[in-house]
Amino acid sequence: MTKYYLTTPIYYTNAAPHIGHAYTTIAADTIRRLKCMQGFDAVLTTGTDEHGVNVERAAQAQGKTAQEYTDVIAEEFRNQWKILDLAIDRFERTTSDRHARAVQELFIRCRDRGQVYKGTYSGQYCIFDNLYVNEAKPGDPCPECGRPTETVTEENYFFRLSEYQDRLLDLYDKQPDFIQPETRRNEVIAFVRQGLQDLSISRTSIKWGIPVPDEPKHVFYVWFDALTTYMSAVYGEDLWPADLHLIGKEIVRFHAVYWPAFLMGADLPLPKKIFAHGWLLFENDKMSKSRGNIVRATPIHKVLGTDALRYFLLREVVFGQDGSFSYDALVGRYNSDLANGLGNLASRTLTMIHQYRGGAVPSSDGDSHIAEAAREVAASALDAFDRLEFSKALESIWGLIAAADKFIVERAPWKLAKSADADSKKLLDDTLYTAAETLRIVTALIYAVIPNSASKIWEQLGYTEPISGVRTKDLHWGRLPAGQLLGTVSAVFPRADAKLSIEKMRELEVEEYARQQALLGKTVAPAETKIPIDDFLKIDMRVGLVKEAAAVKGSDKLLHLQVDIGEPKLRSIVAGIAGAYQPEALIGRKIAIVANLQPRKLKGLESQGMIIAASVEGGNPALVSFLEDAPIGARLK
Ligand code: MSP
């Protein structure tokens with residue numbers, strides 16, 4: 001079998017998965033299923049990008065090691081894809097040993113070929129985009145995200161990117177579909193034509209990364225590290241080069257310029273194609289953490305099912321362009337296209353066969369016009385799918401559904417069923433067969449987009465073999481066997497009450513947001529979640545007296561306190577307040593603590609509670625204190 005290897009970007013572990021990540025991964029899962037249908041042995045890689053200063057800082061802020069922090073978020077991504085039932089073959093973490101080896105090997109190959117050298121870099125750097133901004137001056141904003149850049153000076157390894165301009169332009173020229181869609185290709189060509197500068201591929205300023213061989217002070221630049229995941233995930237298998245890297249448009253430069261250059265430098269085969277899709281906007285605004293308008297996939301999964309989301313994303317948004325997500329539009333599409341369109345065709349067709357033919361598919365060649373329409377739609381939809389024009393493919397499939405509906409109404413089988421003559425009987429057989437065969441072809445065609453629902457319809461059509469085994473050749477008209485006994489009919493897409501389902505999704509969204517924030521070690525502002533008083537009463541807060549305080553070895557953030565809260569033994573509490581308080585100054589001070597948290601280990605010390613302090617991101621914490629005398633152990637409520 002011929003292999004088809006495709007990848008999604010590997011997602012940063014300093015944020016939790018949302019619908020934007022789901023968009024790419026769902027599209028990749030769909031392509032994977034389509035390729036299997038074409039007879040390829042398709043393999044899909046995704047994973048997590050876990051190194052870099054962002055993760056290091058986020059972990060520090062939580063008093064966790066970078067590894068502890070990133071373990072939680074990587075697991076969250078893995079789970080997310082499980083919940084959404086995505087067929088992920090390889091989930092690679094950049095913290096895996098084999099990945100580190102692969103990155104080091106890539107570097108050694110470049111080094112052996114004289115493609116890297118040691119130099120000094122002094123300039124502006126954006127820690128959020130992990131991007132050196134060569135043209136920027138101190139204080140200038142990052143061109144990608146607008147946040148201020150930081151000035152760094154360090155000894156770095158450089159990759160001789162400046163020598164690759166011609167080879168890259170030649171690649172884009174000889175392989176016009178190397179970068180898709182065309183707009184992205186043109187942007188990349190314009191960028192490379194301006195000339196390329198050598199690229200720093202190691203850092204000495206951070207520790208959380210993969211060590212550079214023979215250079216203990218250096219770790220790899222996150223993009224040199226991250227891009228290599230596409231190879232490390234299939235290390236030792238015969239899958240490289242990738243057939244497709246699916247990405248969002250903001251990371252085209254890394255994939256279409258740096259990555260092929262690194263591979264050329266190491267004398268390794270290049271991926272075949274890079275496809276950059278657009279951004280998913282929320283109600284016409286770019287989703288962003290600061291706007292607080294990020295939507296997550298699981299509430300939608302719970303209320304309407306993952307297939308509703310998959311269908312919406314691939315039907316509503318032209319793949320490659322930006323598109324808007326809104327709950328209204330989602331429920332609208334669900335009701336009109338899935339519940340009324342496909343759902344209706346399925347239930348009325350199958351119910352009629354049960355009613356008029358005892359649940360057995362009648363024998364007939366079917367209607368030749370509909371057969372011809374089905375042949376054309378199958379060909380054009382497969383063609384559109386191949387070009388990743390999902391919305392076009394779905395539009396044409398829904399055209400076939402409409403044609404079948406119209407045909408059924410015109411033939412009026414309910415009238416034919418009332419006549420006992422041979423002509424009517426034959427016409428009823430033809431009508432029912434035509435409807436069922438169209439339903440079969442439609443179901444097979446949309447399986448890759450809505451796999452769970454398609455499987456259900458498939459079973460209702462009487463198949464016992466899973467729909468995943470269907471191949472393109474099975475799309476030919478007339479493959480539905482006469483006499484096949486249908487399964488039990490049930491509604492695959494029950495109609496959704498728009499108001500109620502949107503309310504429910506919004507409610508679940510608030511919960512999901514709070515859950516993810518907790519994973520990231522952040523608390524949700526009280527106004528965003530209302531909790532019942534019982535929840536508040538679960539938190540046992542007490543007045544405590546600090547008896548001992550000391551710095552924690554190996555940490556410049558943590559202090560270790562022994563606190564008296566009126567219990568026989570002092571409480572050991574590790575708190576991230578070393579930046580704001582000297583240990584001696586705390587001894588004898590009254591503070592407030594949360595006393596019933598599950599204990600956890602920080603730097604090998606058990607922490608049996610949490611200190612309550614006012615905290616501002618990036619600023620110093622301020623401990624709660626009491627103006628009146630508050631007795632040790634008194635409860636705060
Ligand atoms: N870690 C890098 C990628 C390294 S690949 C070797 C990274 N990670 S990320 O977590 O920021 O993920 C970015 C990708 O997530 C985008 O390229 C896109 O695939 C997907 N999306 C995240 N938000 C999105 C939208 N709002 N809209 C569309 N896609 C989005 O960049």
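## Around the ligand

There are 22 residues around the ligand, and the ones that come nearest are Ile10, Thr24, Asp49, Glu250 and Leu280. Keep in mind that this is a predicted model.

Sorted by type, the shell around the ligand has 12 nonpolar residues, eight polar ones and two charged ones.

Ile10 brings in its backbone: one of its polar backbone atoms sits 2.8 Å from a nitrogen atom of the ligand. With Thr24 and Asp49 we're looking at side chains instead. An N or O atom in the Thr24 side chain is 2.6 Å from an oxygen atom of the ligand, while Asp49 has a polar side-chain atom 2.7 Å from a ligand nitrogen.

How much of the ligand does the protein bury? On its own the ligand exposes 670 Å², and the protein buries 92% of that.

## Which elements build the shell

Helix α1 has the largest share, with four residues.

## A look at His21

Staying with α1, this helix also holds His21. Is His21 buried or exposed? Its relative accessible area is 14%, which is under the 20% cut-off, so His21 counts as buried.

Key: Residues numbered from 1 in each chain as written. Predicted model: local features only at pLDDT ≥ 70, side-chain atom pairs only at ≥ 80, totals over all residues. Heavy atoms only, no water. Near = heavy atom within 4 Å. Polar contact = N/O pair within 3.5 Å; in protein donor to acceptor, adjacent residues only side chain to side chain. Areas by Shrake-Rupley, 256 points an atom, 1.4 Å probe, with all protein chains shown as cover. Helix = DSSP H or I, 4+ residues; strand = E, 2+ residues; numbered from the N terminus. Nonpolar A, V, L, I, M, F, W, Y, C, P; charged D, E, K, R; others polar. Buried < 20%, exposed > 50% of the residue type's maximum accessible area, 1.4 Å probe, protein only.
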